[in-house]
Amino acid sequence: LARDGKIVCERDSVALPQREYLLPTLAGILMGAARNGGRLNIIDFGGALGSTYRTCMPFLRQLASVSWNVIELPQIVELGKREFEDSSLHFYDTIEECLGHNSIDGILFGSTLQYLPDPYGILNSLDKFSFDYLVIDRTPFTSNGGHRICVQNVPKCIYDASYPCNIFDYNDFLQSIEKNFSIVDIMPALEGAVGDIVFKSIIATAKK
């Protein structure tokens with residue numbers, strides 16, 4: 001529906017009555033484009049069928065060029081290639097496959113890392129890809145320290161499911177990023193705080 005213009009936009013399969021801009025994501029990707037002469041060449045890791053791409057489109061149209069590359073599960077990649085790809089939006093199974101077809105400057109994790117089985121392994125592997133910048137949005141941290149794993153229950157009005165979710169220790173997470181990147185800014189994320197969990201967004205650039 002969002003693809004065909006029948007709704008304004010969607011997030012996590014939920015139709016939204018108006019655009020809810022993810023300002024940290026926009027700040028990060030536009031910074032990355034500015035560092036590259038107005039050209040955006042980004043990987044959206046766990047980007048579903050391009051929801052963030054379409055939400056950001058009013059701003060992306062102002063850039064010299066856009067290459068938005070989603071890394072997703074095989075069944076989503078198959079559907080994305082068949083129904084959603086366009087001249088700027090592409091789908092791949094792995095970072096390595098994407099880099100075999102494109103020159104990529106940055107990587108975006110938008111509400112993604114907490115659902116991966118080995119999030120720190122992914123973060124620690126980024127140095128081998130030579131990304132110029134990193135954007136992490138809508139990511140949960142404990143306000144009182146300590147990494148824990150919770151069960152997240154999806155509201156039944158969306159769909160009936162539950163899955164494990166990492167709640168990161170803030171200091172450990174930053175230390176992992178700072179092995180390869182320098183922090184530009186850390187901002188509140190869209191979700192704010194829920195109990196002792198606070199959602200944050202991080203923008204960083206590669207250490208030279």
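What share of the contacts in the protein between residues at least 6 apart in sequence join residues at least 24 apart? The share is 67%, where contact means heavy atoms within 4.5 Å.

This is a predicted model, with local features needing pLDDT of at least 70 and side-chain atom pairs counting only at pLDDT 80 or more, while totals for chains, interfaces and linings use all residues. Residues are numbered from 1 along each chain as its sequence is written, and side-chain values use heavy atoms, with hydrogens and water left out.

**Overall make-up**

The protein has 7 helices and 11 strands. These are DSSP runs numbered from the N terminus: helices are H or I with at least four residues, strands are E with at least two. Of the 208 residues, 48% are buried. Buried means under 20% relative accessible area, exposed over 50%, and partly exposed in between, with a 1.4 Å probe and protein chains only.

**Cores**

A nonpolar core is a set of buried Ala, Val, Leu, Ile, Met, Phe, Trp, Tyr and Cys residues joined through side-chain atoms within 4.5 Å. The largest has 26 residues. I43, I107, L126, L134, I136 and F173 touch the most other members. Elements giving two or more residues to this core include β3 (39–45), β6 (106–110) and β7 (133–142). Another core, of 20 residues, lies apart from it and includes A33, Y53, C56 and V135.

| Residue | In contact with |
|---|---|
| I136 | F109, L113, L123, F173, I177, K200, S201, I202 |
| F131 | I43, I95, L99, I104, D105, G106, I107, L126, F181, A206 |

F131 sits in the loop between α6 (119–125) and β7. F131 counts as buried because its relative accessibility is 3%. Its C-alpha atom is 9.3 Å from that of I42, 89 residues apart along the chain.

**Helix α7**

F173, L174, S176 and I177 of α7 are buried. Seen down the helix axis, the buried residues fall within an arc of 160°, so they line one face of α7. That arc is taken from the directions from the helix axis to the C-beta atoms. Exposed N171 and Q175 are on the face turned away from the buried side. Cover for the buried residues of α7 includes α6, β7, β9 (162–169), β10 (181–194) and β11. D169 caps the N-terminal end of α7, with a side-chain oxygen 3.2 Å from the backbone nitrogen of N171.

Definitions and conventions: A polar contact is a pair of N or O atoms within 3.5 Å; within protein, one must be able to donate a hydrogen and the other to accept it, and residues adjacent in sequence count only if both atoms are side-chain atoms. Lists of a residue's contacts leave out its neighbours within four places in sequence.
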